[in-house]
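Subject: Structure for you to look at

Hi,

Here is the structure I promised to pass on. Have a look at it first, and then read my notes below.

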Amino acid sequence: IIIDFTHPTAVNPNSDLYAATKCPFVMGTTGGDREKLMKVTQDSETYAVIAPNMCKQIVAFQATMEKMASDFPNAFGGYKMELVESHQSSKADTSGTAKAMVASFNQLGVEPFSVDSIEKVRDAEGYKKMGVPEEHVGGHAWHTYTLTSPDGSVQFQFKHNVCGRRTYAEGVADAVQFLAEKIKSGSKKRIFSMIDVLGEGKMQ
């Protein structure tokens with residue numbers, strides 16, 4: 001099983017190779033043409049776990065927000081959202097986790113919010129403003145979602161701040177074990193997300 005944490009420009013060339021050789025993979029790299037990634041993987045019937053985030057707790061938060069949006073659509077009707085994400089300067093694209101969360105918040109009724117409106121922080125001044133510890137400037141993932149009511153009298157704020165990469169490595173280990181079991185059992189379903197991994201209680 002290949003573990004792919006490379007660069008957005010490598011997403012599609014790499015997935016084409018995995019599909020051509022039917023080599024199972026865990027894809028944590030964000031960016032690239034996601035529709036093409038999913039299509040080539042599905043058409044080739046290659047086993048894969050594809051997810052914008054491998055942190056167990058963030059996966060659970062993401063799943064919770066998806067369920068909330070499904071159960072209580074328009075709960076935040078008319079609210080204005082601001083979304084700021086900060087990563088090390090070497091991260092070329094906008095956070096895949098932030099992009100994924102936008103759909104849930106839009107379903108919850110915030111004023112129409114585009115992924116292009118996500119504020120991306122990749123500089124020293126921005127890190128200092130957000131409070132990123134200096135020792136983690138080279139490896140962090142901080143996200144803040146701020147929702148404000150139309151009249152400004154109510155505000156909600158959701159945050160998930162990760163320093164270092166250990167939590168992602170732990171999630172990848174769980175994903176590899178999960179995928180290996182799916183391959184061994186001959187699962188008809190071939191493409192999975194980290195929410196699938198979490199849903200089967202495979203998070204250690």
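Before anything else, a word on terms: a helix here is a DSSP run of H or I with at least four residues, and helices are numbered from the N terminus. Keep in mind, too, that this is a predicted model.

Inside H1 (residues 11-21), the buried residues are Val11, Asn12, Asn14, Ser15, Tyr18 and Ala19. These cover an arc of only 160° around the axis, so they sit on the same side of H1. What do they pack against? The buried residues of H1 have strand E1 (2-4), strand E2 (25-27) and helix H2 (34-43) as their packing partners.

Eight of its nine residues are buried, so E6 is largely enclosed by the rest of the structure. It pairs with two strands that I looked at:

- Strand E4 (residues 80-87) and E6 are antiparallel, with eight bridges; Met81 has Leu147 in E6 as its bridge partner.
- Strand E7 (residues 155-163) also runs antiparallel to E6, and nine bridges join them. Thr144 has Lys159 in E7 as its bridge partner.

E6 and E7 make a hairpin with six residues between them. In that turn, Gly152 has a positive phi of about 80°.

Cheers

Methods: Residues numbered from 1 in each chain as written. Predicted model: local features only at pLDDT ≥ 70, side-chain atom pairs only at ≥ 80, totals over all residues. Heavy atoms only, no water. Buried < 20%, exposed > 50% of the residue type's maximum accessible area, 1.4 Å probe, protein only. Arc of directions from axis to C-beta. Contact = heavy atoms within 4.5 Å. Pairing = 2+ DSSP bridges.
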